[in-house]
Amino acid sequence: MGTNVVMPQLGESVVEGKISKWLKKPGDAVKLYEPILEVETDKVTTEVTAAGEGTLLKLYFDEGEVVQAETLIAFIGQPGETPPAGGKVDLHAAEPAHAAAAASVAPVAKPPAVTRVSPVVARIAAEHNVDVSLVPGTGEGGRVTKKDILAYVERGGTAKPVSPLPVGEERVRELAPWEQPGLGELFRPTEEVFGAAKPAPAPAPMPTPVPAPAPMPGEVVSLSSMRRSIAEHMVRSKHASPHVTTVFEIDMSRVVAHRNANKAAFERDGTNLTYTPYFVAASVAALKQHPMANSSWREDGILLHRTVNVGVAVSLGDEGLIVPVIKNADSMNLLGLARAVNDLADRARRKALKPDDVQGGTFTITNHGVSGSLFATPIINQPQCGILGVGMVQKRAVVVTQDGVDSIAIKPMCYISFTFDHRILDGALADYFAASLKLALENWT
């Protein structure tokens with residue numbers, strides 16, 4: 001029995017996807033849960049895995065084409081089996097055509113109800129010969145997560161009831177672009193105030209037209225969906241929020257010492273301890289003290305978020321930038337944050353993020369210092385209140401006062417820049433937030 005491959009719906013509001021790359025070609029053998037293509041939406045690029053085994057017999061769409069969700073895009077079967085006719089066929093509307101052709105072609109099984117899984121989950125399932133459909137999923141929509149599959153394997157493959165995750169708060173609707181007020185009609189002096197108007201001077205002669213310069217030689221690079229989405233989002237953010245940036249300098253001595261003392265232990269756990277989890281933890285503490293920084297502007301008021309979901313910007317090189325979100329970051333310790341940062345960054349670079357991974361953020365951090373930048377003025381990730389820019393940790397000579405005596409010391413220093421929405425925060429409140437973050441890092445224990 002063959003297996004239909006359909007365009008998945010990668011989120012509640014995602015109704016189509018672009019086939020960015022076929023990882024298999026007709027005639028290739030396909031294993032269960034093996035990635036067969038990459039699908040690109042306006043936020044993420046993700047892999048689609050096979051729900052059955054066999055040979056990839058037919059592709060119904062080429063790379064670069066945009067396809068509606070739940071549309072037949074490929075067929076997996078056995079050599080000699082006839083794929084369903086119709087090509088670009090919506091599965092819900094294709095049943096009659098398949099039925100008419102049933103007398104002349106091999107019957108085609110309707111795709112089984114297989115939960116979409118990430119390549120990591122698929123690999124673990126394949127290694128332990130586990131049927132993912134038997135694993136209770138705790139992810140959004142019942143999706144099986146890495147934690148679910150590992151727990152299932154540790155139980156010896158015996159499925160046990162798993163309590164669903166508590167329902168989180170309703171996502172904030174993204175705001176419409178800010179309507180900039182017009183300048184209005186300019187006033188002109190009247191005779192009543194300035195006396196009679198003087199005769200208008202004779203018009204100046206028209207200048208000789210200058211020929212337009214020849215176009216510069218070059219190449220037009222087509223916009224990817226991600227690059228176009230980034231451009232639109234950045235322009236919309238600058239129109240929506242009056243951006244203001246405040247900069248603080250932080251002594252990172254205690255953080256550096258803590259990281260050096262614990263890095264090996266984290267590595268034994270399989271986790272790379274970078275500076276980013278420290279900034280996430282300090283941001284969470286500051287957001288708890290100053291909840292207005294963990295909010296969104298709405299026309300009917302300011303929405304204070306109950307949870308702290310921290311987005312961490314990840315560079316994908318020439319492809320662009322993506323911001324996966326650490327959900328409920330306020331419930332994690334440093335090890336949990338480090339694991340989350342590692343996992344999201346790894347899946348972002350492998351194009352294994354799901355749409356839910358980049359939604360629901362209430363605050364964003366961008367660590368531009370990894371490329372050597374000292375400080376920057378990042379653009380707010382709408383509809384959030386602010387974004388934290390983290391510069392490079394660099395040893396510098398600073399003045400240290402001890403017992404009233406000044407001296408010069410070499411310290412690992414770092415600039416942070418907090419860009420905030422001036423509709424929500426004034427300068428003093430923004431500085432209080434940044435000062436709390438600075439205090440948390442400089443007094444790290």
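**View 1. Glu 38 and its bridge partner in β5.** In this predicted model, Glu 38 has Glu 47 of β5 as its bridge partner. Strand β4 (residues 35–40) and β5 are paired in the antiparallel sense over five bridges; two strands pair if DSSP finds at least two bridges between them. Helices (H or I, at least four residues) and strands (E, at least two) are DSSP runs, numbered from the N terminus. Residues are numbered from 1 along each chain as its sequence is written. Local features need pLDDT of at least 70 and side-chain atom pairs count only at pLDDT 80 or more, whereas totals for chains, interfaces and linings use all residues, and side-chain values use heavy atoms, with hydrogens and water left out.

**View 2. The open sheet of four strands.** The strand order is β5-β4-β2-β7, and the pairing is antiparallel. β5 (45–49) and β7 (66–68) stand at the edges with a single partner strand each, so one side of each has no neighbour in the sheet. From one strand to the next the twist averages 45°, with axes as lines fitted to C-alpha atoms (for helices over the stretch in contact) and angles running from 0 to 180 degrees between N-to-C directions.

**View 3. The two faces of β5.** In a regular strand, side chains alternate between the two faces of the sheet. Thr 45, Glu 47 and Thr 49 point one way from β5, while Thr 46 and Val 48 point the other way. Five of the five residues of β5 are buried, that is, under 20% relative accessible area, where exposed is over 50% and partly exposed in between (1.4 Å probe, protein chains only).

**View 4. Strand β18 and its partners.** β18 (386–390) pairs with β17 in the parallel sense over three bridges, and Ile 365 stands opposite Leu 388 of β18. With strand β20 (residues 405–421), β18 pairs in the antiparallel sense over five bridges. The bridge partner of Gly 386 in β20 is Phe 420. Gly 386, Leu 388 and Val 390 lie on one side of β18 and Ile 387 and Gly 389 on the other, and all are buried.

**View 5. Surroundings of Ser 283.** Ser 283 belongs to helix α7 (residues 276–289). At 0% relative accessibility, Ser 283 counts as buried. Neighbours within four places in sequence aside, Ser 283 is in contact with Phe 363, Ile 365, Leu 388, Phe 433 and Leu 437; contact means heavy atoms within 4.5 Å.

**View 6. A nonpolar surface patch.** Val 247, Leu 374 and Phe 375 make a patch of about 260 Å². Patches are made of residues with over 30% relative accessible area and no salt bridge, like charges being joined within 9 Å and nonpolar side chains (Val, Leu, Ile, Met, Phe, Trp, Tyr) within 5 Å. A salt bridge is a side-chain nitrogen of Lys or Arg within 4 Å of a carboxyl oxygen of Asp or Glu. Areas come from the Shrake-Rupley method with a 1.4 Å probe; for residues, only the protein chains shown count as cover. Phe 375 lies in the loop between β17 (363–366) and β18, and with 49% relative accessibility Phe 375 counts as partly exposed.
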